[in-house]
Amino acid sequence: MNQIARIISQAKKEGRKALLEPEAKRICEEYGIPVTKFKVASNAREASKNADEIGYPVVLKIVSPDIIHKSDAGGVMVNLKNPNEVSNAYKKILENVKRYNAKARIAGVLVQEMAPQSTEVIVGAIKDPQFGPTIMFGLGGIFVEVLKDVNFRIAPLTENDAMEMIIQLKAYPLLKGFRNMPAADISALEQILCEVSHLVMANPEIKELDLNPIMAYQKGAKTVDARIILE
Ligand code: ADP
Ligand code: MG
């Protein structure tokens, strides 16, 4: 069985519809979608050791099947600069999460590379009842939530579809670089859209996918948070 089938069957066995962030990111990696380096720790010492290997600064996040929005639960701590900060953050996150939901099952704490701040974009996939797998692209934050400036295309995407989804956004001029916003690597974003299209076409068990946010850089891009929901 390949890595993806193994992750999906494990989730099903445990009765989980939502994959954990490390599971979703591993699936992304299989398709060449760039994600932050990550390792899962099960105690504070292991978290510091993982951070030493990944390189500072790092971000720590709760891994729990019962916590969907990790930051709402106090389950995300960013910009940790040394082993001591990592070990304190580990304890703090567990405390926060226990207070938020005393019954939450804890699968570990994810230690990951801190992606430098940049223009945030989101890539999503849903299954349209009529058209099947459909891919979404937009800029993060207010652009999606307030302005609803997003584009959809039915999968599988051609390279041309991917390009249109990006350049037809109202916010596209921002991606091309504006004032103190550097230009984003459009071809890296096109590639992510095509890889997500491959991923959902090849894995019909995936009901929804959400890469939010992806940091778009002048060269390349990096997925910071990934969610996958199974049928
Ligand atoms: P959730 O959406 O479940 O609350 P996220 O993983 O999206 O949790 O983390 C919340 C926010 O923290 C992100 O939107 C991002 O701004 C920041 N963040 C999370 N992980 C990283 C990372 N590896 N590098 C930089 N910023 C991060
Ligand atoms: Mg998120």
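Strands are DSSP runs of E spanning at least two residues, numbered from the N terminus. The model is predicted, so that local features need pLDDT of at least 70 and side-chain atom pairs count only at pLDDT 80 or more, whereas totals for chains, interfaces and linings use all residues. Residues are numbered from 1 along each chain as its sequence is written, ligands are numbered from 1 in the order in which they are written, and side-chain values use heavy atoms, without hydrogens and water.

Polar contacts are pairs of N or O atoms within 3.5 Å. A polar side-chain atom of Lys 61 lies 2.7 Å from a ligand 1 oxygen, and one of Asp 225 lies 2.9 Å from an oxygen of ligand 1. A side-chain N or O atom of Gln 112 is 2.7 Å from a nitrogen of ligand 1.

A pocket is an open set of points on a 1 Å grid over the protein atoms alone, with protein on both sides within 12 Å along at least five of seven lines; lining residues have an atom within 4 Å of a point. The lining of the largest pocket comprises 23 residues, and strand 8 provides the largest share, four residues.

How values were computed
Polar contact = N/O pair within 3.5 Å; in protein donor to acceptor, adjacent residues only side chain to side chain. 1 Å grid on protein atoms, 1.4 Å probe; cavity = no way out; pocket = protein on both sides within 12 Å on 5 of 7 lines; lining within 4 Å.
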